[in-house]
Amino acid sequence: MRHSGLRLSHEREEKFWGNVTASIDWCEGNYEVSPYFAEFWNSVSSLAISFMGLLGVFQCLKYRLEIRFLVQNLLIILVGLGSAAYHGTLLYTLQMWDELPMVYAMLCWFYLLWQMEEPERKENTVFALGLVLYAVFWSIIHSFSAFVVIFQVHFGCLVAIGIIQMFRYNYKYHTQIVRYNHLPLLYVFFLILAFALWLIDQIFCDTITKSWPINPQLHAWWHILGAFNIICGVMWAIALRASILGKTPVTKFRCMSIPFVGIEDTIDGKED
């Protein structure tokens, strides 16, 4: 049985990881590539997210960024690893390792955005505690309820709120970060493209698996495009925060029009 293009978990068969216990079984055929991966391409592509997080951690350590940036990138790594584990096994417990870190990463993103104009290394303990308490609350209700649509709508709302705040800052400081004004647009572009593929994979799953000569693994492309979406947001945040603190963000190298941002301590820094 299929619902919205998804194979639900009662379509089960004994494989290396046992019966599917996750609330969603995606459009990729189970164990088609490897007997050890329930969804090989969905699992491997998730590591692109962790890779972007690793790049972010490197930036944090190299330029001694505030701890909030390090936490954000560590959570991004966790999202990728959790997604890889979930798709590789299709177990309910590991599904939570995918979905809960997604929310945690967005809540940390909220902290970055709403603390963007605060003095350097000044942390808002009350705001941070509120976000942690919300994360605990959501973790409890989601773990026991295994929401599907509610989770997707909830996450979509978090993303939309973040985009609004992102563009608000981009407009306010557009003269200070001219080289990086395009990043919010790229952020939204990759997000929309990724979401379109995610949606097609769900709605037309039966057609894709029965009528198309090959499965293009659109959910795997969702992961890859999502990774580019993430790095656009992280690099923009690093550039804006540096500019607000009176430092100079400089581009060290580019990948697909995405600048990887370094920091100069004075306003005399030049772009490499």
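1. Which cysteine does a disulfide join to cysteine 27? The partner is cysteine 205, with an S to S distance of 2.2 Å. A disulfide here is a pair of cysteine sulfur atoms within 2.5 Å, and by this rule the count comes to one. The link between cysteine 27 and cysteine 205 is right-handed, with 105° about the S-S bond.

2. A word on the basis of these notes: the model is predicted, so local features need pLDDT of at least 70 and side-chain atom pairs count only at pLDDT 80 or more, while totals for chains, interfaces and linings use all residues. Residues are numbered from 1 along each chain as its sequence is written, and side-chain values use heavy atoms, leaving out hydrogens and water.

3. Cysteine 27 sits in the loop between strand S2 (6-7) and helix H1 (40-63), and cysteine 205 belongs to helix H7 (residues 205-211), so the pair ties together parts that are 178 residues apart in sequence. Helices (H or I, at least four residues) and strands (E, at least two) are DSSP runs, numbered from the N terminus. Cysteine 27 is buried at a relative accessible area of 1%, and cysteine 205 is buried at 0%. Buried means under 20% relative accessible area, exposed over 50%, and partly exposed in between, with a 1.4 Å probe and protein chains only.

4. What about cysteine 108? Its sulfur is 9.9 Å from the closest cysteine sulfur, that of cysteine 60, which is too far for a bond. Cysteine 108 counts as buried at 11% relative accessibility. Cysteine 232 is buried as well, at 0%.

5. Helix H8 (residues 218-244) is worth a look for its geometry. Of the 27 residues in H8, 23 are buried, so the helix is largely enclosed by the rest of the structure. Just after H8, glycine 246 takes a positive phi of about 85°.

6. Two residues other than glycine also deserve a check of their backbone angles. Most residues other than glycine have a negative phi. Arginine 64, in the loop between H1 and helix H2 (67-89), has a positive phi near 50°. Leucine 90, in the loop between H2 and helix H3 (92-114), has a positive phi of about 55°. Are these residues buried or exposed? Arginine 64 is exposed at 70% relative accessibility, whereas leucine 90 is buried at 0%.

7. Serine 43 is found in helix H1 and is buried at 4% relative accessibility. A polar atom of the serine 43 side chain lies 2.8 Å from the backbone oxygen of alanine 84.

8. Finally, a surface feature. Leu129, Val132, Leu133, Val136, Ile140 and Phe144 make a nonpolar surface patch of about 640 Å². Patch residues have over 30% relative accessible area and no salt bridge, with nonpolar side chains (Val, Leu, Ile, Met, Phe, Trp, Tyr) joined within 5 Å and like charges within 9 Å. A salt bridge is a side-chain nitrogen of Lys or Arg within 4 Å of a carboxyl oxygen of Asp or Glu. Leucine 133 is found in helix H4 (residues 125-145) and is exposed at 53% relative accessibility.

Notes. Areas by Shrake-Rupley, 256 points an atom, 1.4 Å probe, with all protein chains shown as cover. Polar contact = N/O pair within 3.5 Å; in protein donor to acceptor, adjacent residues only side chain to side chain.
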